[in-house]
Amino acid sequence: DLLKNLKKMKANQEKDAETIASIRSIALETNAPKSADEMLVKYAGREEELLKNLQRMSTRDTTATSISTSSSAGMKENMTATQLNTGLSIEKNKSYNELIKEKKAAKRGLSVKSQ
């Protein structure tokens with residue numbers, strides 16, 4: 001019985017370590033507004049919930065990036081201005097000035113390469 005419980009504890013610890021590693025990785029990828037450590041403190045005991053939230057955020061960021069990429073590749077004529085602006089504003093890896101340039105270019109019907 002004791003051995004069985006120890007094996008369960010070890011499996012849970014390994015799962016927790018994997019979850020925390022995933023949280024740290026996704027937090028870096030998505031440029032989350034708070035550090036992984038801050039979020040882990042806030043979600044203590046609810047790490048799985050935090051991981052799901054970050055995965056959702058990552059999916060949204062990926063979708064926004066693909067919208068922006070496809071629009072600058074010449075597909076923007078199939079998108080409304082609202083869709084294009086939403087895709088540009090969600091993308092976090094670009095500076096504010098780059099986003100403004102792209103937004104102005106989109107209004108004129110041009111595409112601007114980011115640096």
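Here are some notes on this predicted model, point by point.

1. Ground rules. Residues are numbered from 1 along each chain as its sequence is written, and side-chain values use heavy atoms, with hydrogens and water left out.

2. Overall fold. The chain has 5 helices and 0 strands, and the pattern along the sequence reads α-α-α-α-α. Helices (H or I, at least four residues) and strands (E, at least two) are DSSP runs, numbered from the N terminus. Of the 115 residues, 26% are buried. Here buried means under 20% relative accessible area, exposed means over 50%, and partly exposed is in between (1.4 Å probe, protein chains only).

3. Helix H1. This one runs over residues 2-29, and its 28 residues should span 40 Å at 1.5 Å a residue; the end C-alpha atoms sit 41 Å apart, which agrees. The expected span is 1.5 Å times one less than the number of residues in the helix. Thr19, Ile23, Ile26 and Ala27 are the buried ones to look at in H1.

4. Asn31 lies in the loop between H1 and H2. Asn31 counts as partly exposed because its relative accessibility is 36%.

5. Salt bridges. The count comes to 2, where a salt bridge is a side-chain nitrogen of Lys or Arg within 4 Å of a carboxyl oxygen of Asp or Glu. As background, side chains of opposite charge can pair when their charged atoms come close. One of the bridges joins Asp37 and Arg24 at 2.7 Å, N to O. Asp37 is in helix H2 (residues 36-42) and Arg24 in helix H1, so this pair ties together parts 13 residues apart in sequence. Both ends are partly exposed, Asp37 at 45% relative accessibility and Arg24 at 36%.

6. The Arg46 pair. Arg46 also forms a salt bridge, with Glu49, and the closest N and O atoms are 3.4 Å apart. Arg46 is partly exposed, with a relative accessible area of 37%, and Glu49 is partly exposed at 37% too.

7. Nonpolar patch. Leu2, Leu3, Leu6 and Met9 form a nonpolar patch on the surface, with about 440 Å² of accessible area together. Patches are made of residues with over 30% relative accessible area and no salt bridge; like charges are joined within 9 Å, and nonpolar side chains (Val, Leu, Ile, Met, Phe, Trp, Tyr) within 5 Å. The areas come from the Shrake-Rupley method with a 1.4 Å probe, and for residues only the protein chains shown count as cover. Leu6 is in helix H1 and is partly exposed, with a relative accessible area of 45%.

8. Positive patch. Which residues form the positive surface patch? Lys103, Lys104, Lys107 and Arg108 do. Lys and Arg count as positive and Asp and Glu as negative, while His and the chain ends are not counted; the place of a charge is NZ of Lys, CZ of Arg, CG of Asp or CD of Glu. Lys107 is found in helix H5 (residues 96-108), and counts as exposed at 68% relative accessibility.

How values were computed. Predicted model: local features only at pLDDT ≥ 70, side-chain atom pairs only at ≥ 80, totals over all residues.
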